[in-house]
Amino acid sequence: MFNLPIHNIHVGQAIKKRLEELKMTKSDFAKAIGTPQQHINRILERDTMETKKLVKICQVLDFNFFTLFCEAETPVQAFLAAVAMGDGNAQNYIGDATLATQVESLSIKLAAKDEVLKSKEELILSKDEQIQMLKEQIQSLKSNQPHKKEA
C-alpha cells in the first residue's frame with residue numbers, strides 16, 4: 001500500500017492564484033472552460049471540484065492542479081526530457097533508456113548535419129578560391145596584352 005501524504009487543497013483558491021499568475025480575466029476563463037461567467041465566482045469559492053471539470057481547467061490554465069494533492073517523486077531528468085523532446089505534454093513520461101536512445105539518435109543526426117555543413121563550407125571556399133584564381137588569370141591576361149596605339 002502506498003504511504004503518500006495527501007494534502008487538503010482548496011481547489012478554488014489554487015485556480016484563482018493561477019488565474020492571477022496568468023493575468024487572465026474571469027470572463028476569458030469562463031469562455032475558455034465553457035461556463036457562464038456568473039459561475040466563475042462559485043468555482044473560485046469551492047474547495048472541491050468534479051474531476052472532469054478540474055481536468056478541463058488544468059488544460060485551459062496549463063497547470064496540473066492534481067499535483068497539489070500529493071507529493072509523488074518524479075524522475076526529474078526523464079520528466080523534463082519528455083516535455084522537451086516530446087510533444088510538450090508534461091504527462092508524457094519516458095524512461096531513462098528511452099531518453100538515452102533519443103539523445104543518441106539526435107546526436108547522430110546532428111553529427112550528420114555538421115558533416116553536410118562542413119562539406120558545403122569547403123565547397124564555398126573552393127568556389128571562392130576558383131573565383132580568385134580566375135580574377136588573377138584575367139588580370140595577368142590584361143597585363144600581357146599588347147597596348148593598342150591610338151592613331
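## One aromatic pair

The count of aromatic pairs in this predicted model comes to one. Its partners are Phe63 and Phe65.

How exposed is each partner? Phe63 has a relative accessibility of 29%, so it counts as partly exposed. Phe65 has a relative accessibility of 2%, so it counts as buried.

## Arg18 and its contacts

Setting aside neighbours within four places in sequence, Arg18 is in contact with Leu61, Asp62, Phe63 and Phe65. Arg18 sits in helix α1, which covers residues 11–22.

Is Arg18 buried or exposed? Its relative accessible area is 16%, so Arg18 is buried. The cut-off for buried is under 20%. The side chain of Arg18 also makes a polar contact of 3.2 Å with the side chain of Glu21.

## Helix α2 and its buried face

Helix α2 runs over residues 26–33. Which of its residues are buried? They are Phe29, Ala30 and Ile33. Viewed down the helix axis, these buried residues fall within an arc of 100°, so they line one face of α2. An α-helix has 3.6 residues a turn, so residues three or four places apart point the same way.

The cover over the buried residues of α2 includes α1, α3 (40–45) and α4 (51–61). Just after α2 comes Gly34, with a positive phi of about 70°.

## The largest nonpolar core

The largest nonpolar core holds 16 residues. Which members touch the most others? They are Ile15, Phe29, Ile57 and Phe65. Helices α1, α2, α3 and α4 each give two or more residues to this core.

Take Phe29 of α2. Not counting residues up to four places away in sequence, Phe29 touches Ile15, Leu19, Met24, Ile40, Ile57, Val60 and Leu61. Phe65, the buried ring of the aromatic pair, is another of the core members with the most touches.

## The whole chain

The chain has six helices and zero strands. It has 151 residues, and buried residues make up 16% of them.

Note on methods
Residues are numbered from 1 along each chain as its sequence is written. This is a predicted model: local features need pLDDT of at least 70, side-chain atom pairs count only at pLDDT 80 or more; totals for chains, interfaces and linings use all residues. Side-chain values use heavy atoms; hydrogens and water are left out. Helices (H or I, at least four residues) and strands (E, at least two) are DSSP runs, numbered from the N terminus. Buried means under 20% relative accessible area, exposed over 50%, partly exposed in between (1.4 Å probe, protein chains only). A polar contact is a pair of N or O atoms within 3.5 Å; within protein, one must be able to donate a hydrogen and the other to accept it, and residues adjacent in sequence count only if both atoms are side-chain atoms. Contact means heavy atoms within 4.5 Å. The arc is that of the directions from the helix axis to the C-beta atoms. A nonpolar core is a set of buried Ala, Val, Leu, Ile, Met, Phe, Trp, Tyr and Cys residues joined through side-chain atoms within 4.5 Å. Rings of Phe, Tyr and Trp (its six-membered ring) pair if their centres lie within 6.5 Å; planes under 30 degrees apart count as stacked, over 60 as edge-to-face and the rest as tilted.
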